[in-house]
Amino acid sequence: MRTIILASLVLAVTTASGFAATPLIDARQNAQQHRIFKGIQQGDLNFNDALKLQKGQMRVQNMKNKALASGGVITPLERARIHAAQNIQSSRIFLKRH
């Protein structure tokens, strides 16, 4: 019985985060992760550069997680801040790879 309750609780928590409506943020994060990975594969990025870029990606992800933790909905101001942070990360990835 406990496992059923625990499983339903876990399911409820995971589906609630799925309704957070952040597909554009998630897609951009994935695209930037892919760009970093490609940079490593092609030899454009060394270990230290890749590590710094990964830390930047984690900062953006933490911003998103904090925004979602405060009510489960990202406000337009929070969305703008995350978008600005993603723009900065995108330019850093470009500069490191070229």
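Residues are numbered from 1 along each chain as its sequence is written. Because the model is predicted, local features need pLDDT of at least 70 and side-chain atom pairs count only at pLDDT 80 or more, while totals for chains, interfaces and linings use all residues, and side-chain values use heavy atoms, with hydrogens and water left out.

**Overall architecture**

The protein has four helices and zero strands, and its pattern along the sequence is α-α-α-α. Helices (H or I, at least four residues) and strands (E, at least two) are DSSP runs, numbered from the N terminus. Among the helices are H2 (residues 23-42), H3 (residues 47-69) and H4 (residues 76-97). Of the 98 residues of the protein, 26% count as buried. Buried means under 20% relative accessible area, exposed means over 50%, and partly exposed lies in between, with a 1.4 Å probe and protein chains only.

**Salt bridges**

Side chains of opposite charge can pair when their charged atoms come close. A salt bridge is defined as a side-chain nitrogen of Lys or Arg within 4 Å of a carboxyl oxygen of Asp or Glu. The structure holds three salt bridges, which are set out below.

| Aspartate 26 | Lysine 64 | 2.5 Å |

In the salt bridge of lysine 64 with aspartate 26, lysine 64 belongs to helix H3 and aspartate 26 to helix H2, so the pair ties together parts that are 38 residues apart in sequence. Lysine 64 is buried, because its relative accessible area is 8%. Aspartate 26, at 29% relative accessibility, counts as partly exposed.

Aspartate 44 is partly exposed at a relative accessible area of 32%, whereas arginine 97 is buried at 18%.

Lysine 96 counts as partly exposed, with 34% relative accessibility.

**Asparagine 46 and its surroundings**

Asparagine 46 lies in the loop between H2 and H3 and is partly exposed, with a relative accessible area of 44%. A polar atom of the asparagine 46 side chain lies 3.2 Å from the backbone nitrogen of asparagine 48. The asparagine 46 side chain also reaches the backbone nitrogen of aspartate 49, at 2.8 Å.

The C-alpha atoms of lysine 96 and alanine 50 are separated by 8.8 Å, with the two residues 46 apart along the chain.

**Further positions on helix H4**

Histidine 83 lies in helix H4 and is partly exposed, with a relative accessible area of 42%. Histidine 83 and isoleucine 25 are 58 residues apart in sequence and 7.7 Å apart in space, C-alpha to C-alpha. Alanine 84 also lies in helix H4 and is partly exposed at a relative accessible area of 36%. Between alanine 84 and valine 60, 24 residues apart in sequence, the C-alpha to C-alpha distance is 9.6 Å.

**Positive surface patch**

Lys52, Lys55, Arg59 and Arg92 form a positive surface patch. Patches are made of residues with over 30% relative accessible area and no salt bridge, like charges being joined within 9 Å and nonpolar side chains (Val, Leu, Ile, Met, Phe, Trp, Tyr) within 5 Å. Helix H3 contributes the largest share of the positive patch, three residues. Lysine 52 lies in helix H3 and is exposed, with a relative accessible area of 54%.

Definitions and conventions:
Accessible areas come from the Shrake-Rupley method with a 1.4 Å probe; for residues, only the protein chains shown count as cover. Lys and Arg count as positive and Asp and Glu as negative; His and the chain ends are not counted. The place of a charge is taken as NZ of Lys, CZ of Arg, CG of Asp or CD of Glu. A polar contact is a pair of N or O atoms within 3.5 Å; within protein, one must be able to donate a hydrogen and the other to accept it, and residues adjacent in sequence count only if both atoms are side-chain atoms.
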